[in-house]
Amino acid sequence: MFSNCTDPSALEGLSWLACYLTNGKHLTAYASVGTVLFLLLVTAPAALAFGFAGAVAARSRVAPLRWLGQGYTSVVRGVPDIVFFLFFVIALDQGFEWMRHQVLCPDWSEPIRRGNDFVVCPAAKLPLSTAPQWVHETYGFLLAVLTFAIVFGAFAANVLSGAMKAVPNAQIETAQAYGMTERQSFWRILVPQMWIFALPGLSNLWMLLVKATPLLFLLGVEDIVYWARELGGTKGKVFAYPHPDWRLWYFLALLVFYLSLTQISEVVLGRITRRLSRGQATFAGEKQRKAAA
Amino acid sequence: MECWDTISEYAFRSLGYGTRALPKTDFTLCQQFTLIGSGMLWNIYFGVLALASGFFLATALALGKASETALIRKPCEWFIFIFRGSPLFIQFFLAYETFVLLPKEGIEIFGITAETRWLTKAWAGALVVLFLNTSAYSAEIFYGALRSVPKGDLEAADAYGLSGWARFRRIVWPTMLRLGWPSYTNEAIFLFHATTLVFFSSFPAWRQSGDALYYASYFADKTFNPFIPYPIVAFYFIVLTLLVIWGFGRVNRRLNRHMPGQAKKIRYRPQLVR
C-alpha cells in the first residue's frame with residue numbers, strides 16, 4: 001500500500017510492520033470485520049421481528065397459533081444454540097432446494113434422498129452451479145443471517161412475551177374503558193410501554209449476539225476468525241508469506257476487538273436504558289423525575 | 001438384539017473403549033443414538049468438573065470484586081471483564097494457541113518440571129478454559145447477590161458478635177448463595193451448552209473421540225441429512241437440562257429451607273444471564 005513497501009529488503013521494525021499489516025490479504029481481512037458488523041446490523045432487527053411475531057403468536061387466542069409461538073420460544077431453551085446453527089444451515093438449504101425442486105421440476109421421477117445423498121434437479125440447485133463465486137458467498141451469508149435470526153428470534157420472543165406480561169394490566173383496562181378496540185390498545189398502549197421492561201433482556205441478548213458472531217466461522221463464512229487462522233498460520237492456502245506461527249497475536253487482536261465491541265455496546269445500552277426510563281412509573285424513572293425537579 | 005451389540009460396541013467409544021472404527025455406511029438410528037450418547041459423556045465431564053471447580057474461584061472472585069482494597073478489586077474486575085466480554089469461541093482459540101507455544105518438555109518451576117503437553121489436549125486444555133469462563137460468569141452472579149445481602153442480616157450478625165470468618169461462613173455466604181442460586185442454575189445450563197464448542201474450536205478430537213455434537217455433525221456430514229442427528233443431540237440436551245434444573249432445584253430448596261413459605265421454583269430464563 002505504501003510506496004516504500006516495494007523493496008522488501010529495506011524494511012525493518014515498524015515500517016516492516018506497517019507494510020505487513022497493509023498488504024492485500026490483510027486489507028481483505030479488515031473488510032471481514034465489516035462482515036461481522038453487517039451481520040449484527042442485519043440480524044438484530046430480523047431477530048427482533050421474529051421475536052415479536054413469536055411473542056404475539058404465543059399470546060394469541062387461536063390455539064394452534066399459540067402452540068406454535070410457545071413451542072418456538074421454548075425449543076431453544078434446553079438446547080445449545082450451536083446445535084441450531086449447524087442444523088439450520090443445512091436444513092434451510094435443503095428446504096429451499098426441495099421447494100424449488102417441487103416447483104421447477106414437477107416431472108422429476110427419481111427420489112431426492114438417495115442413501116447418503118440429497119439430489120435435486122440441476123435447475124433447482126441453490127445457487128445455480130453456473131453462478132459466479134460472489135453469489136455463492138452471498139447465499140451462504142444469507143443462510144447464516146437467517147439462522148441467527150431464527151435462533152435469536154426465539155430468545156427475543158421469550159423476552160418480549162415476558163415484557164408484554166409485565167405491562168400493568170390496569171393500563172390495558174383503562175384503554176378498554178376508553179373504548180379502544182383490542183388492536184388499538186395493543187398497538188397504542190401495550191407495545192409502546194413494553195420496551196422498558198424488555199430492555200434488560202434485549203441488552204443481554206445483544207451481548208449474546210455479539211459473542212455468537214465468531215460462530216459464523218463454523219457456518220463457512222469467511223469471517224475474522226477464518227482470516228485470523230489463515231493469516232496467523234505458518235503456511236495457509238491463501239496467504240503465502242512465510243512466517244512463524246503468529247496465530248496467538250491474531251487471536252489476541254480478536255479478543256481486544258470483541259472486548260471493545262461489548263464495552264461500547266454496554267455504554268450505548270446504558271444510555272438507551274436511561275432514555276427509555278424517562279417518564280416511566282419505575283424506580284429509575286422516578287429517580288430521574290426527582291433529579292430534574 | 002442387534003442394537004445391544006451396537007451399544008456394547010460404541011457406548012464408550014468417545015472415551016476410547018470399544019470398536020475403533022466408526023460406522024461408514026448404512027447408519028442405523030441405534031448407532032446414532034449410541035454414539036451421540038457416548039459423546040455426551042464428554043459434555044457431562046466438562047460441565048461437571050468446570051462447575052465444581054469454578055464454584056470456588058467464583059466465590060473468591062466475587063469477594064475480591066467486592067473488596068475495598070483496589071489491589072485486590074482491580075485484578076478481579078479485569079478477570080471478570082475479559083472472560084465475560086469476549087466470546088468463549090475466541091477464548092478457546094486463544095488458549096489453544098497459547099498452550100501450543102508452551103515448551104514441549106515442560107516448564108521448570110522451583111526445580112520441579114511441570115508437564116505442559118496435556119494442556120494441548122481437549123480434556124485438560126478446554127477444561128481450563130471452561131473453568132475460567134464459568135468462574136467469571138458465576139462470579140458476576142455471586143457479586144450481584146453479595147451486594148443484595150440484606151442489611152438487617154449483617155446487623156444481626158454484628159449484634160450476635162459474629163465477625164470475620166464466622167460471619168462470612170454462617171451469614172453472608174449462605175445468603176449470597178440463596179439469592180444468586182436461580183441465576184447460577186441458568187449459568188450451569190449455559191455452561192453445559194457451551195461444552196459443545198470444545199471440539200469445534202482448535203482442540204483436536206483425538207482418534208475421533210469427541211463430544212455429542214462432534215458425532216452428530218459427523219453423521220450429518222456423512223448422511224447429508226441433518227434431521228436425525230441434531231434432534232438426537234437436542235433430545236439429550238433437554239434431558240440434561242431437566243436434570244440440572246432438578247438437581248439445582250433441590251439445592252435451592254435446601255438453601256431456602258428456613259424461609260417462610262416454600263422456596264420459589266427456579267424458572268429457567270436463559271436470556272437474563274449471559
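I take a crossing as left-handed if the near helix is turned anticlockwise from the far one by less than a right angle, and as right-handed if clockwise.

**Entry 1: model and conventions.** The model is predicted; local features need pLDDT of at least 70, side-chain atom pairs count only at pLDDT 80 or more, and totals for chains, interfaces and linings use all residues. I number residues from 1 along each chain as its sequence is written, with chains lettered from A.

**Entry 2: a helix pair in chain B.** I looked up α2 (residues 29–65) and α7 (residues 164–194) of chain B, which pack at an angle of about 140° with axes 8 Å apart. Axes are lines fitted to C-alpha atoms over the stretch in contact, and angles run from 0 to 180 degrees between N-to-C directions. The angle makes α2(B) oblique to α7(B) (under 35 degrees is roughly parallel, over 145 roughly antiparallel, 65 to 115 roughly perpendicular, the rest oblique). I noted the crossing of α2(B) and α7(B) as right-handed. In the contact (C-beta atoms, placed from the backbone, within 7 Å), α2(B) uses B:Asn43, B:Gly47, B:Ala50 and B:Leu51, and α7(B) uses B:Ala188, B:Leu191 and B:Phe192.

**Entry 3: chain A.** I found ten helices and two strands in chain A (DSSP runs: H or I, at least four residues, for helices; E, at least two, for strands; numbered from the N terminus). Their order along the sequence is α-α-α-α-β-β-α-α-α-α-α-α.

**Entry 4: chain A against chain B.** I found 35 residues of chain A in contact with 35 residues of chain B. Helix α9(A) supplies the largest share of the chain A side, ten residues.

Technical notes: Two residues are in contact if their C-beta atoms, placed from the backbone, lie within 7 Å.
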